[in-house]
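Work through the exercises below with the sequence and the structure in view. Each task is followed by a solution in steps.

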Amino acid sequence: MSAQQPVTLAVAITTFNSMRCLPQVLDSLDGLAERVVIVDSGSTDGTREYASERGCVVIERPWPGPLKQKVFAMEQCAPAK
């Protein structure tokens, strides 16, 4: 039997005023994701602060559209080379 390497999971989430659902989303990732990257588009409801308190990597970035924002967020999850 060969030993498997543990899976390292990073999760990318794009947000804007997401306090209504962010606590539940982050709760569902507890113990699952090693790293959670939040890319926020200027929230004013405490989203960035809450995510930071929960240990997420928080990046503020103006909204360039859904595809560009999600691609950017996923790129931030890539391991450093």
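**Exercise 1.** With which residue does Asp40 form a salt bridge, and how far apart are the closest N and O atoms?

Solution. The model is a predicted one. Step one: the partner of Asp40 is Arg48. Step two: the closest N and O atoms of this pair are 3.2 Å apart, and the cut-off for a salt bridge is within 4 Å. Step three: Asp40 has a relative accessible area of 0% and Arg48 one of 18%. Buried means under 20%, so Asp40 is buried and Arg48 is buried.

**Exercise 2.** Find the salt bridge between Arg54 and Asp27, and state which parts of the chain the pair ties together.

Solution. Step one: the side chains of Arg54 and Asp27 meet at 3.0 Å, N to O. Step two: Asp27 belongs to helix α1 (residues 22-29), while Arg54 sits in the loop between α2 (47-53) and β3 (57-60), so the pair links parts 27 residues apart in sequence. Step three: Arg54 is partly exposed at 29% relative accessible area, and Asp27 is partly exposed at 46%.

**Exercise 3.** Which residues do salt bridges with shared partners join into one network?

Solution. Step one: Asp30 and Arg54 also meet in a salt bridge, at 3.4 Å, N to O. Step two: Asp30 lies in the loop between α1 and β2 (35-40), so its pairing with Arg54 ties together parts 24 residues apart in sequence. Step three: Asp30 counts as exposed, with 54% relative accessibility. Step four: Asp27, Asp30 and Arg54 form one network through shared partners.

**Exercise 4.** How many salt bridges does a search of the whole structure find?

Solution. The search finds 4 salt bridges.

Conventions
Residues are numbered from 1 along each chain as its sequence is written. This is a predicted model: local features need pLDDT of at least 70, side-chain atom pairs count only at pLDDT 80 or more; totals for chains, interfaces and linings use all residues. Side-chain values use heavy atoms; hydrogens and water are left out. Helices (H or I, at least four residues) and strands (E, at least two) are DSSP runs, numbered from the N terminus. Buried means under 20% relative accessible area, exposed over 50%, partly exposed in between (1.4 Å probe, protein chains only).
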